[in-house]
Amino acid sequence: MEKLEAVASLGQTELLRPARVRAALAANDRLKLYLSLLQAAQQRASGEGVPALDLSREFAAAGLKAGWLAELPANAFREGKLLHLPELSRLRDCLVEDLQVMARPVDADEALVQRVEHWCGWLAQLAPDTLSAADLQALTSGKRGKDDSLHLLVMDLHKAINRLAAELSSENIDGAHVWQIEAEDRPRIAAFMRGLNQTRALKLQHPGLDTAATRDGDRLLLQNDIGTNDAHVLVIQVEVLEVSLTYSDLHSRRFAFFQSLLCEVGASWGEAQARTRAGLNAGAAYYVGTARFSCSDEMSLWTTLECIGARIVFLIDWNRARKRLEQFVGKGDAVAILAESARRRVGHMAWLEAGGERLIFGAMQALGPDYFRIGDRLDVVMGTERARGFVLDVMALASAAAQQHQPLALVADDARLLLARYLHRHDEFDLLAEHAAYCHAMAEGLRDGLAHGYERDRKAARVFAERAKDWERAADQLVMDARARAEARPRWQAFAEVVETADDVADALEEAAFLLSLIASDHHRGWRGEVHQSMQLLADAVLTAAQDHVRALEIARTLGERSSAEDHEEFVAALWRVLNAERQCDVLLRDVRRALAEHVSDAATLNLSTDFAQALEAATDWLLATGYGVRRLAFSRVRVGE
């Protein structure tokens, strides 16, 4: 006689409940596997070339040997509208048996018991080896609506058993409902709960994260309900120093997100399996996968469990947050923001509670049409990196307010101020500074090229000329970006004009790089001595002017009502140094011409060398013109107090 039956014969039914709960949880794993096999059989029979699903991990998690079950999908075939399954009657008996096992702990729930009886009777009337499309829908559908399904019954039984498990727990370890465990399990459960409790507060008042723990033979079982969705389940099995985690989710993107979070702490994932396909479950598939962690010792095991526990909270309402973020950034960037918010342990729930997308739309609207127009997306106006940074900072503000029990309504004001700072810190001058960086790179390359004798090194000069062309093209793209923004926003018009002037600097420097490559092609006779020295001095002066231009832009980005007198003085000084460099280069150009006239007799070399020096000097002319434009923009900012 089975031990459970022996206890039942003594009339001590309450003693049976913990054992029945464990048996029911094991039956739940098997039932889900059976339903997965039915769906796999449907897929294989529906078309040629459909690869076989690898369910080996699921078989191991359910404690089943593959045998005839593993062959069931491969042996299925379709005839008309019927799906033929040679072992269907055997599978039907397994379904009935495990349904009854799941029902035993919740026998006081009359509604569930009646549903179990109905489905056991329904299964008994099935044909011995065929299923219709309606039969498959009745067995596997997870969509709640008018009709019940076996799948829905299994999920509802599972939820009822979880509630019962919490009631039956013989002890509580840091919030986990625990029963019938071994001494070695306690520190492992505590490690998992330590991680869970580190981030639990981030879910705010949202339900979820209830944990149950028990032992099944040699395995410690940990289950977390995550949230309220039926198909959103996480089960952890710990045996010796191996951790196996089975996760199911309705949303493939959230599934992939959780996979990436756990990969960061050593997870090795098997292939995720879709449990439904188009035509089943109204096309709403859910996804199941298993991750494994191999730990070197007990301390490593505790750390792994803690890391897993700390990451679960970021799954709650993840899909809602993703959809809201996609109104401001691209799909990939929305996921990246959620991943980074998880790494920073900020989360997204406080942001959602504080208004979510309304926070950001409100901040954009408050700044007015000079910055944002109706329909603008945040990343288009600010750039992807800045938009991501701003949203993450808003999430951090909301999270801090929630943890400090401050009114979340205050976050709206903080978001507006934050966006204003972002746009003032990362505004028009950012694009001009990026353009200036390309000009600086070319000026520095020309100075260094002369120092290393590029005029006599054909290969090195050609490589540098190609790099300079790439930089000049990138600078051109910035000009086009500025023009496009000026067409949409009047406040960018004056800035676009300055960028266009700055582009003449890039053109002149790229032309100099090209001419240097021509000179290196056997047109460098007479360049030694005084000619080379005068060219080097001219290139040094151009680089110094480019450096002062970059310095002036760095200061201009911060000028405003709160900037100091020292900032204003340094800004003006940098512009004056550019002016002096332009005058110095006029003199140096004459020195170059004099040296060329005295030492170079070859006409081709003379012409190319003169053009090279003139291109260098022209760059400082345009740097000066650009400096005047930057001065107008910066002083305008100071006057209006922006």
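This is a predicted model: local features need pLDDT of at least 70, side-chain atom pairs count only at pLDDT 80 or more; totals for chains, interfaces and linings use all residues.
What about the length of H9? The helix covers residues 185-199, and at 1.5 Å a residue its 15 residues should span 21 Å. The end C-alpha atoms sit 22 Å apart, which agrees.

## H9 meets H11

Two packed helices are described by the angle between their axes and the distance between the axes. For H9 and H11, the axes come within 7 Å and cross at roughly 35°. The crossing is right-handed.

On the H9 side, the contact is made by Pro187, Arg188, Ala191, Phe192, Arg194, Gly195, Leu196, Gln198 and Thr199. H11 brings Glu298, Leu301, Trp302, Leu305, Glu306, Ile308, Gly309 and Ala310. Sorted by class, the H9–H11 contact has 9 nonpolar, 4 polar and 4 charged residues.

## A three-stranded open sheet

Elsewhere, 3 strands make an open sheet, ordered S1-S2-S3 with antiparallel pairing. S1 (77-79) and S3 are the edge strands, each with a single partner, so one side of each is left without a neighbour in the sheet.

Zooming in on one pairing, S2 (residues 82-84) and S3 run antiparallel and are joined by 2 bridges. Leu83 has Leu131 of S3 as its bridge partner.

Thr130 belongs to S3, which covers residues 130-131. Is Thr130 buried or exposed? Its relative accessible area is 14%, under the 20% cut-off, so Thr130 counts as buried. Setting aside neighbours within four places in sequence, Thr130 is in contact with Leu83, His84 and Leu88.

## Asp333 in helix H13

Over in helix H13 (residues 331-343) you'll find Asp333. This one has a relative accessible area of 17%, again under 20%, so Asp333 is buried as well.

Which residues does Asp333 touch, not counting those up to four places away in sequence? They are Thr384 and Arg388.

Terms used. Residues are numbered from 1 along each chain as its sequence is written. Side-chain values use heavy atoms; hydrogens and water are left out. Helices (H or I, at least four residues) and strands (E, at least two) are DSSP runs, numbered from the N terminus. Buried means under 20% relative accessible area, exposed over 50%, partly exposed in between (1.4 Å probe, protein chains only). Contact means heavy atoms within 4.5 Å. The expected span of a helix is 1.5 Å times one less than its number of residues. Two strands pair if DSSP finds at least two bridges between them. Axes are lines fitted to C-alpha atoms, for helices over the stretch in contact, and angles run from 0 to 180 degrees between N-to-C directions. A crossing is left-handed if the near helix is turned anticlockwise from the far one by less than a right angle, and right-handed if clockwise. Ala, Val, Leu, Ile, Met, Phe, Trp, Tyr, Cys and Pro count as nonpolar, Asp, Glu, Lys and Arg as charged, and the others, Gly among them, as polar.
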